[in-house]
Amino acid sequence: MSWHDKLLGGLRRTSDRLVGNLAGLGTARLDDGTLDEIEEALIASDLGVATAARIRDRLSAQNFERGLEDLGIRLIVAEEIERTLAPVARGIDATAATRPHVVLVIGVNGSGKTTTIAKLAKWFVDARYKVMLAAGDTFRAAAIGQLATWAERIGVPIVRGAEGGDAAGIVFEAVKQAAADGTDVLIVDTAGRLQNKRELMDELAKIKRVLGRLDPSAPHDVVLVLDATTGQNALSQIEVFRDVAGVTGLIMTKLDGTARGGVLVAAAEQFGLPIHAIGVGEGIDDLRPFDSLEVARIIAGVDRPAR
């Protein structure tokens, strides 16, 4: 299956929902009542209030007195979604002179964070970067073991400690070892327990202080991994982690057919953070750079999967 086909399947629920919510609204004259219905349909599709309002304003300004067919409305929706997503579709730039380039990966437990780190590592390896992993989520032995297994499969070194160990100390050792080995990219896993926000904040702050002592510019990226199946809850996670850890970019995972992918649009509109990549499955190659045009057309139901 091609990546495009996987993405069609992954965003199918999102697309079906939006198409269903807009069904029949293009047959009438686009008066204020119909425009209100369209706006409500877009909000119900998780696109966010601001994007929905902007699409309504565009439809109103163009004064389609004879109405539009459903496809005509969806084409305009696709254009406006792409306008929202295009500015945030940016990859991770690891070409700066500082080595290692440190990517701190954060996210709640269960978001697919550890698997995403493995996919990201493979991504960099395929691009001819020398990569190292650091198992900074010492709260869970399973996370350490899972990351070690992925490191072995990909063929990259990993620095890890015992469960309950000092995460900042592990990161400190990893940076020193990476610098000595000529590593290009160091990807650091972190704990994701939001149940105790203060404890999480303190731990992440300590890791960042340790990194800063070794390299004042580190971490160079703070990437938040989000589970697309959580819908609007992802927005509150962005807000919390932005305040706690200074998030610099996002990766959206689990676009697997149950996802509520419209939240990508709402996140771009509300926060403006770069969306580096999206993941559609559990395979090591199921992570790709974020293509704003492709995603916009699929979400808007312009590019529909075969039944």
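Which residue in β4 does valine 105 stand opposite? The views below, taken from a predicted model, include the answer.

**View 1. Strand β1 beside β4.** Valine 105 stands opposite aspartate 189 in β4. Strand β1 (residues 101–106) and β4 run parallel and are joined by 5 bridges. Helix α6 (residues 113–126) packs on the sheet, and its direction makes about 175° with that of β4. Among the strands that α6 touches are β1, β2, β4 and β5 (221–227).

**View 2. Strand β2 beside β4.** Strand β4 (residues 185–189) runs parallel to β2, with 5 bridges between them. Aspartate 189 is the bridge partner of alanine 135.

**View 3. Strand β2 beside β3, with the connecting helix.** On β3 (residues 158–159), 2 bridges pair the strand with β2 in the parallel sense. Here leucine 133 has isoleucine 158 as its bridge partner. From β2 the chain passes through helix α7 (residues 141–154) to β3, a β-α-β crossover that is right-handed.

**View 4. Side chains of β2.** In a regular strand, side chains alternate between the two faces of the sheet. Val131, Leu133 and Ala135 point one way from β2, while Met132 and Ala134 point the other way. Strand β2 (residues 131–135) is mostly covered, with 5 of its 5 residues buried.

**View 5. The whole sheet.** The open sheet has 8 strands in the order β3-β2-β4-β1-β5-β6-β7-β8, and its pairing is mixed. At the edges lie β3 and β8 (287–289), each of which pairs on one side only.

Note on methods: Residues numbered from 1 in each chain as written. Predicted model: local features only at pLDDT ≥ 70, side-chain atom pairs only at ≥ 80, totals over all residues. Heavy atoms only, no water. Buried < 20%, exposed > 50% of the residue type's maximum accessible area, 1.4 Å probe, protein only. Helix = DSSP H or I, 4+ residues; strand = E, 2+ residues; numbered from the N terminus. Pairing = 2+ DSSP bridges. Right-handed = clockwise from strand over helix to strand, strands pointing away. Contact = heavy atoms within 4.5 Å. Axes fitted to C-alpha atoms, helices over the stretch in contact; angles between N-to-C directions.
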